[in-house]
Amino acid sequence: MATVNFAATSLLPSDFCSGNRSFSGCSVSCTKLVYRRRTVSMCVASNSTGTSATVPEKPEIELEFIGPKPSGDGSYPVERAKEISGEKLLRNIMLDNKIELYATYGKVMNCGGGGSCGTCIVEVLEGKDLLNERTNAELRYLKKKPESWRLACQTIVGNKENSGKVVVQRIPQWKK
Ligand code: FES
């Protein structure tokens with residue numbers, strides 16, 4: 001859908017004023033027209049067939065975050081989020097949704113997403129194929145860790161074309 005703005009010229013009744021003038025001996029009554037410009041906004045939707053078109057929705061990734069410790073009833077807390085595929089790092093999704101990412105040390109000493117502290121560890125329980133491959137920073141920090149562990153600041157959620165569900169274990173080092 002496109003929005004088109006254009007200026008339309010209109011004559012409004014209140015814009016008319018009258019007066020008498022003389023030109024070489026003859027008197028004429030003239031009407032002065034005052035033009036006012038008005039901006040009109042309208043929406044136009046069309047496609048090659050001339051029918052209205054809907055913009056295709058971007059694929060989305062659903063996320064579930066499992067807490068590291070059981071709550072009072074023995075179940076593990078689950079938080080959820082949904083993001084457009086390939087647009088965000090896992091770290092940013094968690095921070096934007098106020099989902100706790102860091103363990104005690106990482107809360108005060110993390111590198112802010114630069115891939116140089118190794119404290120933003122998560123475990124991907126489901127949906128590994130919807131994420132990017134491990135980066136060099138992950139290969140360095142997670143060399144001796146399970147393959148399912150990732151650094152959230154290095155993990156891109158989706159590739160702009162895929163969709164599905166990713167299940168993340170928060171702070172997996174607390175479960176070992
Ligand atoms: S925040 Fe430091 S490595 Fe991810």
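User: Is K160 buried or exposed in this model?
Analyst: Exposed. This is a predicted model. K160 has 11 other C-beta atoms within 10 Å, and the cut-off for exposed is 12 or fewer.

User: Where is K160 found?
Analyst: In the loop between β10 (156-157) and β11 (164-170).

User: What about phi of K160?
Analyst: Phi is near 80° there, so K160 has a positive value without being a glycine. Most residues other than glycine have a negative phi.

User: OK, K98 next. What is its phi?
Analyst: K98 has a positive phi of about 55°. K98 is not a glycine either.

User: And the place of K98?
Analyst: K98 sits in the loop between α1 (90-96) and α2 (104-109).

User: How many other C-beta atoms lie within 10 Å of K98?
Analyst: 7, and K98 is exposed.

User: Switching to the sheet. What is the strand order?
Analyst: The order is β6-β5-β11-β8-β9. These five strands form an open sheet with mixed pairing.

User: Which are the edge strands?
Analyst: β6 (78-84) and β9 (149-151). Each of them pairs on one side only.

User: How about the twist?
Analyst: From one strand to the next, the twist averages 35°.

User: How many bridges join β5 to β6?
Analyst: Seven. Strand β5 covers residues 60-66, and β5 and β6 run antiparallel.

User: Which residue in β6 stands opposite L63?
Analyst: A81.

Note on methods: Residues numbered from 1 in each chain as written. Predicted model: local features only at pLDDT ≥ 70, side-chain atom pairs only at ≥ 80, totals over all residues. Pairing = 2+ DSSP bridges. Helix = DSSP H or I, 4+ residues; strand = E, 2+ residues; numbered from the N terminus. Axes fitted to C-alpha atoms, helices over the stretch in contact; angles between N-to-C directions. Buried ≥ 20, exposed ≤ 12 C-beta atoms within 10 Å, placed from the backbone.
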